[in-house]
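Please keep the structure in view while reading.

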Amino acid sequence: MSTTLAPGGIPLSLFRLRTEVVYGDGCATNIGEHVVAHGGERPLVISDPGIVEAGLLEPVTSSLAAAGLAYETYTDVEPDPRVAVVEAGLRQFQEQGCDSLIGVGGGSSMDTAKAIAIWSRNPGRLRDYEGLDQFGQPPVPLFCAPTTVGTASEVTQFLVVTDPEAQFKFTIAGRMVPPLAAFLDPQLVLGLPAPITAATGMDALTHAIESYLSLLATPLTEALALHAIRLIGANLRPAVANSRNHSAMANMLVASCLAGMAFNATRLGNVHAMSHPVGAFFHVPHGVANAIILPHVMEFNALAVPRKLIEVGQALGEPMARLGEMAAARRAVSGVQQLEADIGIPESLSDVGVQREAIAAMSVDAMKSGNIPINPRRTVQSDIEGLFERAL
Ligand SMILES: [Fe+2]
């Protein structure tokens, strides 16, 4: 691996994980016990209509009832949740006298639950808490169970909410943001529609690659990220081909979580800086936007970190023998492009409705991201504009 820590030096917090990670078929039915152990009596379950329709909420809610908990549900979460969606959930939380939260779903449901957990203890506007550790009171107890294979919100210290007036996705981050426990239950992801497996799986791969290349990477985060890349390289194609494949889906669920643990410590890079404005302006699903932009940013970063890109390509299973350094680094890029073609990811941003006229404004917003300064190749606004042009 490329990054090593020098002996001695200034003491630093090398790694921190607030979340207990529980894994196994049916483990989401243990959430009730954890709520009780943390003093909760009246949890509010946050989810979306698709999860309810798929019958995924039922095992969770019946186990809450079995644990003697008088739970409530708020299932109106929408993709890329707006502040108003969080506010409606907060109102219900307060009116029904709830004391804890359970997020069951993809990133949108888990981020909505995280936002309510913070907002219920910290008054004012939600956006007042944008940035790192901007809220004073700790959130109410929160537990999460992911039903997709990508966002890793179940272990990260980040949440993203859309401010529709500003057409801006803002991030709230902090050491108290991650849930107290995450439940990786393969039963909740079996049968996931192929396009969602593909998009969220590519989000997970983007997390792992961006974390691995980040200027803040350490040997610990690299180990997590690299193994996530290996698992995704071996399992994403079969998972998209048949999401009833237990082994492939369970491995994707674990890979997503490993990538989340890695980027929780390192943050991300140019891909996420660019995909957030694409989502805010054109409502492109987060994983799809990342997937389209990822190969272009990898190519851009090849000049800075060719050895690390070679390691990414090897972890994905790309043959590298007898290639020079830059050619091998580019093989990692073409390997990602081939994977995306195989699983049906659209080729370009224009294929998903992005318009050239928005590039200037999206680039301004991308440059506001804290992920730009930690991208391995120094990046200025004209670089971002060029990357958008290439991805278009
Ligand atoms: Fe992401």
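A residue is called buried when its relative accessible area is under 20%, exposed when over 50%, and partly exposed in between. The model is predicted, and by this cut-off both F158 and F263 are buried.

**Aromatic pairs**

A pair of aromatic rings is described by the distance of the centres and the angle of the planes. Two aromatic pairs are counted in this model. In the pair of F158 and F263, the rings are stacked, with 5.8 Å from centre to centre and 10° between the planes. Because F158 belongs to strand 7 (residues 158-163) and F263 to helix 8 (residues 246-266), this pair ties together parts that are 105 residues apart in sequence. The rings of F281 and F282, with centres 6.3 Å apart and planes at 35°, form a pair that is therefore tilted. F281 has a relative accessibility of 19%, so this residue counts as buried.

**The iron site**

Which protein residues are the donors of the iron ion? They are D203, through OD, together with H207, H272 and H286, each through NE2, and they lie 2.2 Å from the ion. Along the chain, these donors follow the spacing D-x3-H-x64-H-x13-H. D203 and H207 are both found in helix 6 (residues 194-213), and because they are four residues apart there, about one helical turn separates them. Both D203 and H207 are buried. The angles among the four donor atoms run from 83 to 169°, and the site of the iron ion is irregular. For four donors, a tetrahedral assignment would require all angles to lie between 85 and 135 degrees, whereas the angles at this site reach from 83 to 169°.

**Domains**

The chain is divided into domain 1, covering residues 20-188, and domain 2, covering residues 194-391. Taken over C-alpha atoms, the centres of domain 1 and domain 2 are separated by 26 Å. To the contact between them, domain 1 contributes 23 residues and domain 2 contributes 26 residues.

Notes: Residues are numbered from 1 along each chain as its sequence is written. This is a predicted model: local features need pLDDT of at least 70, side-chain atom pairs count only at pLDDT 80 or more; totals for chains, interfaces and linings use all residues. Side-chain values use heavy atoms; hydrogens and water are left out. Donors are N, O and S atoms within 2.8 Å of the metal (3.2 Å for Na, K and Ca); water is not among the atoms, so sites may look incomplete. Four donors count as tetrahedral if all angles lie between 85 and 135 degrees; four count as square planar and six as octahedral if opposite donors are over 155 degrees apart and all others between 65 and 115; anything else is irregular. Helices (H or I, at least four residues) and strands (E, at least two) are DSSP runs, numbered from the N terminus. Buried means under 20% relative accessible area, exposed over 50%, partly exposed in between (1.4 Å probe, protein chains only). Rings of Phe, Tyr and Trp (its six-membered ring) pair if their centres lie within 6.5 Å; planes under 30 degrees apart count as stacked, over 60 as edge-to-face and the rest as tilted. Domain bounds come from an automatic or database domain assignment. Contact means heavy atoms within 4.5 Å.
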